[in-house]
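Reader: Hi! I have a protein model open and I'm new to this. Could you walk me through it?

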Amino acid sequence: MLINKINREELYDLFQVIKLQSRNAYISKDNEVKIEQIIAYLEVIHSELRKTSKKRPLVLIDSGAGNCYLSYLVYFFYANIEKRPVRIHCIDTNERLMKVNQELAQRLNFSGMHFHAADIDAYTANEKVDVVYSLHACDTATDKSIYLGLRSKAKVILSVSCCQHSLSMKSERLKAIFRHKAFRDKAIMMVSDSMRALLLEQCGYKVGIFDFVSSRYTEKNTMIRARRTELRRQLDIDKEYNVLQREFGVQPYLETLIAENTCDE
């Protein structure tokens, strides 16, 4: 396992600074769950980057970054364990939180971490981007994160969505299923992520959807992984997308964001 390359004591020191662990080494159940998620996410990121040339810095963007737990771990791994240059840009609208994170990064001497108090829409990458990722970005922030990956021409886009408050779904043929909220919520996640995957495929990305961590750590454990290719848009993808849209009456915000044909630039 990748995480076995990390000295546990060093890792616990990191978690103490970013407040995932107390000074007496106590880790709460909630934080234990968060730690398992970010370690599993790091495994995916590294599987995508392990063959990347070490002649230039890695550039990653964490959109809807929040407390930036994942990005601290990613930076620690590449800077301290892999011993390679890395820059991570963390974007979140919470100005106070970004200021706190900046102070924590300075305390850790993580000079390659940069924090931007801004909407994801307002951020533009001015360099070649390896990975754009998000972990439980709320609602349309998931779509904005994916779109940032598209317009940044990122090699890899990773997204684990959270709540989908802006979406509602209906289906006359599946009314008996959608009557139940538990099924309806799951269906919204499945259909919306499937439509996002199709939109990414329309834009020339090879897409897979899988559970990146066990559901015992989070029910919202489904990841979209998109790798940039030179593939052209396929008619069958358009047809599949239209079928889902007609059946469920859903339009992810990502469709609106790429309506002006970002894909073909």
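Author: Happy to! One term before we start: a residue counts as buried if its relative accessible area is under 20%, and as exposed if that area is over 50%. Also keep in mind that this is a predicted model.

Reader: Thanks! So F110, is that one buried or exposed?

Author: F110 is buried, because its relative accessible area is 5%, and the cut-off is 20%.

Reader: Which ring does F110 pair with?

Author: With Y75. The centres of the two rings are 4.8 Å apart and the planes make an angle of 40°, so to speak a tilted pair.

Reader: Why give both a distance and an angle?

Author: Because a pair of aromatic rings is described by the distance of the centres and the angle of the planes.

Reader: Where do Y75 and F110 sit in the chain?

Author: Y75 belongs to helix α3, residues 69–81. F110 lies in the loop between α4 (95–107) and β3 (113–117). They are 35 residues apart, and the pair links distant parts of the chain.

Reader: And Y75, buried or exposed?

Author: Y75 is buried, with a relative accessible area of 7%.

Reader: How many aromatic pairs does the structure hold?

Author: Five. There is also an aromatic cluster, formed by Y41, Y133 and F212.

Reader: New topic! I clicked on Q21. Where is that?

Author: Q21 is in the loop between α1 (8–17) and α2 (29–49). Its relative accessible area is 9%, so Q21 is buried.

Reader: What is Q21 in contact with?

Author: Setting aside neighbours within four places in sequence, Q21 is in contact with Y12, F15, Q16, Y26 and I27. As for I35, which is 14 residues along the chain from Q21, the two C-alpha atoms are separated by 9.8 Å.

Reader: Okay, zooming out. How many helices and strands does the chain have?

Author: Nine helices and seven strands. Of the 265 residues, 51% count as buried.

Reader: What would the radius of gyration be for a compact globule, and what does this chain have?

Author: A compact globule with 265 residues would have a radius of gyration near 18 Å, and the protein chain has 19 Å, so the two agree. The C-alpha atoms fill a box of roughly 55 × 40 × 35 Å along the principal axes.

Reader: Last one: how many positive and negative side chains are there?

Author: The chain has 40 positive and 34 negative side chains. The centres of the two sets lie 3 Å apart.

Conventions
Residues numbered from 1 in each chain as written. Predicted model: local features only at pLDDT ≥ 70, side-chain atom pairs only at ≥ 80, totals over all residues. Heavy atoms only, no water. Helix = DSSP H or I, 4+ residues; strand = E, 2+ residues; numbered from the N terminus. Rg over C-alpha atoms; globule rule 2.2 N^0.38 Å. Buried < 20%, exposed > 50% of the residue type's maximum accessible area, 1.4 Å probe, protein only. Lys, Arg positive; Asp, Glu negative; His and termini not counted. Charge placed at Lys NZ, Arg CZ, Asp CG, Glu CD. Phe/Tyr/Trp six-rings, centres within 6.5 Å; stacked < 30°, edge-to-face > 60°. Contact = heavy atoms within 4.5 Å.
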